[in-house]
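This report goes through the overall form of one protein chain and then a few of its local features.

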Amino acid sequence: MIRLDKFLSEMGLGTRSEVKKLLKTKQVTVNKVVVSKPETKVNPDTDEVCLNGSKIEYKKYEYYLFNKPKGCVSATKDNVHGTVMDYITDAVHDDLFPVGRLDIDTEGLLLITNDGALSHELLSPSKHVAKTYFARIDGEVTQDDIISFKEGIDIGEERLTKPAELVIKKSGSVSEIELTITEGKFHQVKRMFEARGKRVIYLKRISMGPLKLPDDLKTGTYRALTQAETDALMQINCGK
């Protein structure tokens with residue numbers, strides 16, 4: 001049960017004070033009864049809340065698939081750079097955040113949500129959620145690199161990286177690859193290639209767990225997850 005003014009505010013109908021003014025004008029009904037008291041408790045799962053006769057569907061969580069561009073940081077606030085949240089303009093809730101981080105110069109798939117439990121599950125090392133990247137590499141990527149990535153790379157930490165799947169799409173002075181990892185260490189992809197004497201010159205995340213970056217989702221744009229995508233994520237978040 002939650003307060004009616006909180007329900008209406010979370011569904012984007014205004015601030016708490018704005019919602020209270022709305023209630024005073026008797027435009028809101030709960031189960032077809034006009035309600036004007038903001039402290040009235042409602043059950044979002046069973047009560048029918050309407051504004052001027054139109055039912056308000058309560059959404060506790062929002063899920064957006066964002067194609068992150070270069071130049072913005074994966075944070076809710078930053079004193080120097082723009083953030084990924086600057087691109088999310090029509091969300092209902094104001095407590096959304098990016099799940100995990102992509103470097104400022106990295107593009108690609110980023111999940112934006114206010115579901116903290118799901119975020120924890122996706123980022124938990126014990127879940128081994130796979131993340132796949134497309135990259136252009138300054139240097140020739142070879143079969144030896146594939147073997148080394150599978151065995152684990154020494155990137156200067158206590159342990160080698162976990163086995164990673166490296167697929168060579170094009171090999172030459174500038175190579176193109178896809179790399180799937182199950183960790184999220186700081187600058188991990190870049191450090192793995194640096195350890196092999198090569199440099200990442202372009203990096204884009206194309207999948208995370210069951211989520212795939214759609215070909216038609218332009219850089220800097222986003223869309224709500226489909227029901228199928230949300231259901232697939234819930235399979236990871238077994239606690240929900």
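What percentage of the 240 residues in the protein do buried residues make up? In this predicted model, the buried share is 45% of the 240 residues.

**Overall form**

The protein contains six helices and 15 strands. Its radius of gyration is 22 Å, whereas the globule rule gives 18 Å for 240 residues; the former is well over the latter, so the protein is more spread out than a compact globule. Along the principal axes, the C-alpha atoms fill a box of roughly 70 × 35 × 35 Å.

Of the contacts in the protein with a separation of 6 or more, 64% are between residues 24 or more positions apart.

**Aromatic pairs**

How many aromatic pairs does a search of the whole structure find? The search finds six. One of them is formed by F7 and Y58, which are stacked, with 5.0 Å centre to centre and 20° between the planes. F7 belongs to helix 1 (residues 4-10), while Y58 sits in the loop between strand 6 (54-55) and strand 7 (63-68), so this pair ties together parts that are 51 residues apart in sequence. The relative accessible area of F7 is 1%, and F7 is therefore buried. Y58 has 22% relative accessibility and so counts as partly exposed, the cut-off for buried being under 20%.

F149 and F193 form another aromatic pair, this one tilted, with 4.9 Å centre to centre and 50° between the planes. The pair links distant parts of the chain, 44 residues apart: F149 is in helix 4 (residues 143-151) and F193 is in helix 5 (residues 188-195). Both F149 and F193 are buried.

The two pairs are set out below.

| Aromatic pair | Centre to centre | Between the planes | Arrangement |
|---|---|---|---|
| F7 and Y58 | 5.0 Å | 20° | stacked |
| F149 and F193 | 4.9 Å | 50° | tilted |

**Positive phi values**

Most residues other than glycine have a negative phi. Which value is phi of K32 near? Phi of K32 is near 70°, a positive value in a residue other than glycine. K32 is placed in the loop between strand 2 (28-30) and strand 3. With 73% relative accessibility, K32 counts as exposed, since the cut-off for exposed is over 50%.

H187, also not a glycine, has a positive phi near 50°. Its place is in the loop between strand 12 (174-181) and helix 5. The relative accessible area of H187 is 29%, so H187 is partly exposed.

**V34 and its surroundings**

Strand 3 (residues 33-34) holds V34. V34 has 45% relative accessibility and therefore counts as partly exposed. Which residues is V34 in contact with, leaving aside its neighbours within four places in sequence? They are K26, V28 and T29. E183 is 149 residues from V34 along the chain, and the C-alpha atoms of V34 and E183 are separated by 52 Å.

How values were computed
Residues numbered from 1 in each chain as written. Predicted model: local features only at pLDDT ≥ 70, side-chain atom pairs only at ≥ 80, totals over all residues. Heavy atoms only, no water. Helix = DSSP H or I, 4+ residues; strand = E, 2+ residues; numbered from the N terminus. Rg over C-alpha atoms; globule rule 2.2 N^0.38 Å. Buried < 20%, exposed > 50% of the residue type's maximum accessible area, 1.4 Å probe, protein only. Contact = heavy atoms within 4.5 Å. Phe/Tyr/Trp six-rings, centres within 6.5 Å; stacked < 30°, edge-to-face > 60°.
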